[in-house]
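Take a look at the structure below. We will go through its domains and then its chain contacts.

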Amino acid sequence: MQVAITVNGVVHERDVDPRTLLVHFLREELDLTGTKIGCDTSQCGACTVQLDGKVLKSCTLLAVQADGAEVTTIEGLAENGEHHPMQTAFWENHGLQCGYCTPGMIMASAAFVRDNPGASEGEIRHYLEGNICRCTGYHNIVKAVKQVADAAAGA
Amino acid sequence: MSTRIFGSGIKRREDPRLITGEARYTDDIKLPGVLHMAVVRSPYAHANIVSIDSSAAEAMDGVVAVYTGDDLEGLAGLPTAWLIPDSDLKTPEHPALAKGKARYVGDGVAIVLAGDRYQAQDAADAVVVEYEELPAVIDPEEAAQEGAPLIHDDVEGNIAFKWAPFDKEASDAVFEAADVVVSERILQQRLLPTAMEPRSAMAQYNPATAELTLWCTSQNPHIHRFIISAVTGLNENKVRVIAPEVGGGFGSKIPCYPDEALVSWAAMQLGVPVKWTETRSENYLITIHGRDHVQHVDMAASSDGKILGVRATVYAGMGGYLSTAAPGIPTILHGLLYVGPYTIDSVYCESIGVMTNGTPTDAYRGAGRPEATFLLERMIDNVAKKIGMDPAEVRRKNLIPAFEDGYDVAAGLTYDSGDYPVAFEKALGMAGYGEFRRQQKSAAAQGRYLGIGVTAYTEMCGLGPSQVAGAVGFQGGLWESATVRVTPTGKVQALIGASPHGQGSETTLAQIIADELGFAVDDIEVIHGDTTETPMGWGTYGSRTTPVTGAALAKASQKLKEKAKTLAAHLMEASEDDIEYADGSFSVKGSPDQTQSIQDVALMAHLAWNMPEGMDPGFEESQFYDPPNFVFPFGTHIAIVEVDSETGEIELQRYIAVDDCGPQINPEIVAGQIHGGVVQGIAQALCEGVIYDENGQLLTGTMMDYCMPKADMFPNFELGETVTPSPHHPVGVKGVGETGTIASTPTVYNAVLDALAPLGVEQIDMPLTSAKVWQAIQDANGGGS
Amino acid sequence: MWPNKFDYVRAGSVDEALASAAGGGKFLAGGHSLLPAMKLRLDSPEQLIDIGRIPELQGISANGGLTIGAGTTHDAIASSADVQAMCSALASACGQVGDQGVRNFGTLGGNIAHADPASDPPTVLVACGATINIQGADGKRSVGAEDFFIDLFETALDDGELITSVSLPNCSDCQCAYVKFPHPASRYAIVGVAVCLKMDGDTCAQADVAVGGATVKAVKCADAEAALAGTTLDEAALNAAAEAVKADIAEDLIGDIAYPESYRQQMAGVFLKRAIAAAQG
């Protein structure tokens with residue numbers, strides 16, 4: 001089936017097998033491999049992208065469902081060559097180790113803080129239930145997200 | 001004076017590619033014409049393979065080939081590489097695809113090669129395998145009993161090895177004479193390592209040159225090269241193994257698995273690249289599991305709290321085959337740790353490696369040492385309870401006093417350095433231990449159940465001297481090597497044989513070089529993970545990359561500095577004795593204007609226009625480093641919990657960790673290792689655990705059922721440190737990768753059992769799920785409430 | 001993992017969807033229940049009819065009661081001021097489904113058609129007396145929530161029928177709440193309890209109680225309701241209700257090796273009390 005999906009501002013038209021998951025469309029068709037796959041059951045959040053601005057687990061949507069939508073992946077988060085504040089905060093706060101969960105973590109956290117400036121540590125920890133990290137123990141991830149949330153509230 | 005880069009929590013050098021999605025992990029790498037491999041896996045834990053019909057699969061769209069175990073001509077079985085001596089070790093054959101019989105759910109039976117993943121999986125589903133199901137056994141103690149289903153014909157009684165190196169009579173005598181003996185059956189449940197990146201492998205073979213390149217998720221590409229060469233029959237110098245970005249390992253990416261051998265073999269057969277990436281469901285079935293001990297443990301003590309001895313019989317589940325390093329985990333890495341940080345004069349361990357119908361087990365973060373620390377710490381709390389002494393006081397009473405250079409313990413190790421009491425008191429102070437005990441009492445009066453757990457630990461890491469490796473049957477060395485190469489323009493490439501995969505070693509190792517030579521960290525690239533580009537090394541595991549590779553780099557850097565000093569003296573026409581060095585610059589004593597920067601010297605060494613007599617050109621040094629001993633980090637962890645007696649839920653309220661890993665190269669990275677390790681260990685206590693049914697079916701086969709720790713289960717951690725350098729290490733550092741996992745499981749477990757003590761609960765098997773805690777409360781109350 | 005092959009049709013209207021359904025297959029709304037099952041190849045429909053873009057299935061209208069289009073997402077329901085005002089328990093339950101990514105795309109209709117016993121919204125729909133509005137080739141019909149959920153993953157929907165909307169009475173003068181004891185791995189409910197209390201001064205005039213998670217389907221709990229009605233919700237009444245609710249769900253219990261039936265049954269009593277406390281604010 002023919003789809004036209006805007007990814008990171010560029011329209012991509014492709015003929016896809018309807019069973020193609022959006023995450024495979026991004027990774028295999030578009031070679032945007034920043035979006036990862038970490039589970040089969042919509043738990044881990046490694047595949048998190050934003051679809052029309054909303055956080056989405058891209059392993060749980062068919063590419064055909066995203067026809068006509070705008071998708072932002074980790075590769076498209078930076079603007080004008082500048083890291084997004086969430087990327088900067090993860091770097092500054094040592095919010096990553098192996099980096100595999102990181103794109104999904106950043107995509108989810110960026111949307112969360114946009115919608116919830118000033119979020120508390122408890123709210124951040126609760127929100128992150130949809131993103132699993134095996135390396136960091138979450139401590140520095142929470143710190144990074146809090147830093148951006150605080151800055152967003154102050155602005 | 002400039003700020004010293006060693007000891008500074010600088011931002012990680014690996015992060016820019018990781019936070020932007022530009023890093024390339026194995027599955028992100030594409031080759032034109034690649035075929036995808038899917039594996040047909042046994043749905044039974046134990047079954048004879050009666051027949052395999054692949055005709056329907058072969059006829060499907062995109063399918064190029066289907067192979068079964070009988071087709072794998074020229075591919076040898078996977079070797080076991082830790083051959084424990086004096087243990088009557090049996091190493092049953094481990095073919096890359098099961099032949100005749102499948103021994104665990106997930107055991108590979110056939111492979112399908114097709115144009116894309118979807119086609120390969122469709123065809124794998126269409127391969128018809130007829131099985132004759134056999135009785136299965138999962139529990140290692142049961143599997144060791146007479147009459148248990150026999151898993152390998154050549155492993156009698158399913159006993160793969162029995163390791164008991166200590167003096168049993170002496171141990172028995174201590175126990176007979178002791179005032180107090182406490183006993184417990186401890187279950188170290190199976191765990192799923194769950195590196196967030198599933199395993200993946202892609203092979204490309206060039207028939208013209210007979211060269212094979214294998215990209216794979218490996219913690220030790222040089223070991224993978226060694227094994228892939230052995231199983232395929234290719235010369236080792238014709239095999240290139242590349243571990244690109246690797247998304248965590250925790251031990252699960254040490255072993256060489258059938259899948260890596262199969263993609264290599266298939267690429268050689270078909271002359272096109274072959275790729276395989278496991279799904280998470282597959283990962284939970286086939287990638288090694290950790291722990292799986294049934295331990296019968298006793299501790300002897302005097303009535304005033306002096307610990308006299310510890311002994312254990314351990315049934316260690318090996319799973320259906322012996323994985324690469326499996327026999328070493330419940331033996332060398334376990335029984336030798338029975339003294340911990342205490343003055344325990346008598347230890348005894350009998351470790352029985354048992355084949356079962358579970359997934360093969362192998363090293364998982366801590367690997368043998370968490371299982372030892374847990375039993376020690378659990379038994380100390382049991383002793384404390386029995387003699388009516390505060391558990392912290394029992395520990396205090398038994399801690400080894402401070403030592404700076406070597407302390408021999410009854411288990412046969414020589415600890416390098418330690419000051420356990422200082423770390424212990426610091427942690428107790430941070431926790432407000434005495435005050436907490438008062439709060440606990442007043443909370444109890446209101447029907448609230450608070451508990452505290454304290455763990456003092458030391459562990460053996462920085463594996464290790466090669467001579468010891470040989471003596472304990474490890475089929476490899478445990479040294480590391482590194483090359484520090486400075487380009488003519490004064491930029492550094494540091495090539496290492498180890499293979500970090502999330503630890504931040506590109507940063508910490510650069511900090512070591514920067515500290516030794518005065519280059520800016522940003523001018524140093526640490527290159528790893530490619531057997532053709534890097535010198536030989538044995539890999540990243542056992543908290544060894546900082547201590548062992550770090551030492552190799554420090555020494556290579558020191559050699560370069562010596563060369564630079566000689567050359568600088570020559571260039572400045574001064575005596576070497578008059579050369580002073582500071583922050584990457586050489587100057588002549590008394591003539592501060594006359595300087596040569598390290599970059600100037602590097603250029604002149606490359607140009608070689610004006611070299612001292614006998615000095616070779618170039619500016620590069622290599623160093624092999626074989627440590628003279630292990631390193632022994634230590635510390636004390638404390639947890640405070642509250643148990644909801646209505647539901648059995650546990651709230652972790654505070655977690656305090658005081659760790660000593662010697663001088664910290666990058667405190668932020670050290671903290672990160674501790675945070676992550678602590679969560680992994682706490683999760684073992686509270687929520688993680690493999691469950692099989694009686695037929696050997698994995699009931700925790702996805703993250704829907706296997707409880708991965710999540711952010712909302714934890715408070716912010718409170719970290720403290722002490723600094724005791726290792727006397728034998730060039731820059732004094734110890735490892736820190738596993739300490740958190742080793743210390744935290746008993747800490748939280750003991751805290752929960754402390755909270756439940758007023759309710760009469762004495763023991764609960766891990767993980768401490770709310771249902772189990774609630775049931776234990778009911779049982780302790782005689783079923784009523 | 002990934003799904004088996006299927007044919008895909010995108011419907012522009014309910015009529016188009018129903019016409020396509022004559023050829024068999026399943027409706028795909030947000031896909032957040034169906035696709036995970038298809039990826040594990042536990043479900044392999046030959047045709048998917050995508051109803052995700054049908055305008056008439058979208059949106060929430062408040063007109064005396066609530067009518068929620070079947071294609072409305074959990075997030076839209078959880079954040080709707082109308083739902084918060086007229087049935088705060090449903091807003092709460094929808095806000096506890098999965099995680100934010102799931103709530104952004106998963107729909108109420110898809111959720112209840114899937115009828116996972118551990119899901120959150122069905123428990124509230126049963127407690128609050130919701131009506132499920134259904135359309136099929138033979139026309140429209142409405143089924144009470146209590147009759148809609150039949151068994152594990154089984155509903156009153158016939159082949160080819162589509163949920164178009166869910167109606168709820170205005171509950172703004174009640175005290176209602178949904179409280180959940182989440183499974184630590186999946187975050188589905190080990191037990192979920194919904195209560196809706198009509199208070200007359202200090203006295204509970206009427207109590208509606210439903211339990212999910214612990215049961216094969218969301219179960220209305222008549223004995224617990226009776227134990228609460230006419231009381232001041234004092235400790236004795238709460239204890240009686242907590243005992244009664246265990247009997248109410250005894251026939252429908254479900255459990256697994258980690259969280260067995262007996263435990264879930266006991267927890268239903270504990271969480272009933274907590275739900276009442278939450279409802280009373």
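Which domains does the domain assignment of chain B give? The answer is domain 1 (419-459 + 630-785) and domain 2 (479-625). Such bounds come from an automatic or database domain assignment. This is a predicted model, where local features need pLDDT of at least 70 and side-chain atom pairs count only at pLDDT 80 or more, while totals for chains, interfaces and linings use all residues. Residues are numbered from 1 along each chain as its sequence is written, and chains are lettered from A and ligands numbered from 1 in the order in which they are written.

Stay with chain B. The C-alpha centres of its domain 1 and domain 2 lie 41 Å apart. Still, 13 residues of domain 1 and 14 residues of domain 2 take part in a contact. Two residues are in contact if their C-beta atoms, placed from the backbone, lie within 7 Å. On the domain 1 side, seven residues are nonpolar, four polar and two charged. Here Ala, Val, Leu, Ile, Met, Phe, Trp, Tyr, Cys and Pro count as nonpolar, Asp, Glu, Lys and Arg as charged, and the others, Gly among them, as polar.

Now turn to chains B and A. Their contact takes 46 residues from chain B and 44 residues from chain A. On the chain B side, H18(B) gives the most, with seven residues. Helices (H or I, at least four residues) and strands (E, at least two) are DSSP runs, numbered from the N terminus. This side of chain B has 17 nonpolar, 16 polar and 13 charged residues.

Chain C brings 14 residues to their contact, and chain B brings 18 residues. Helix H12 (residues 261-279) of chain C gives the most to the chain C side, with three residues. That side holds 13 nonpolar residues, one polar and no charged.
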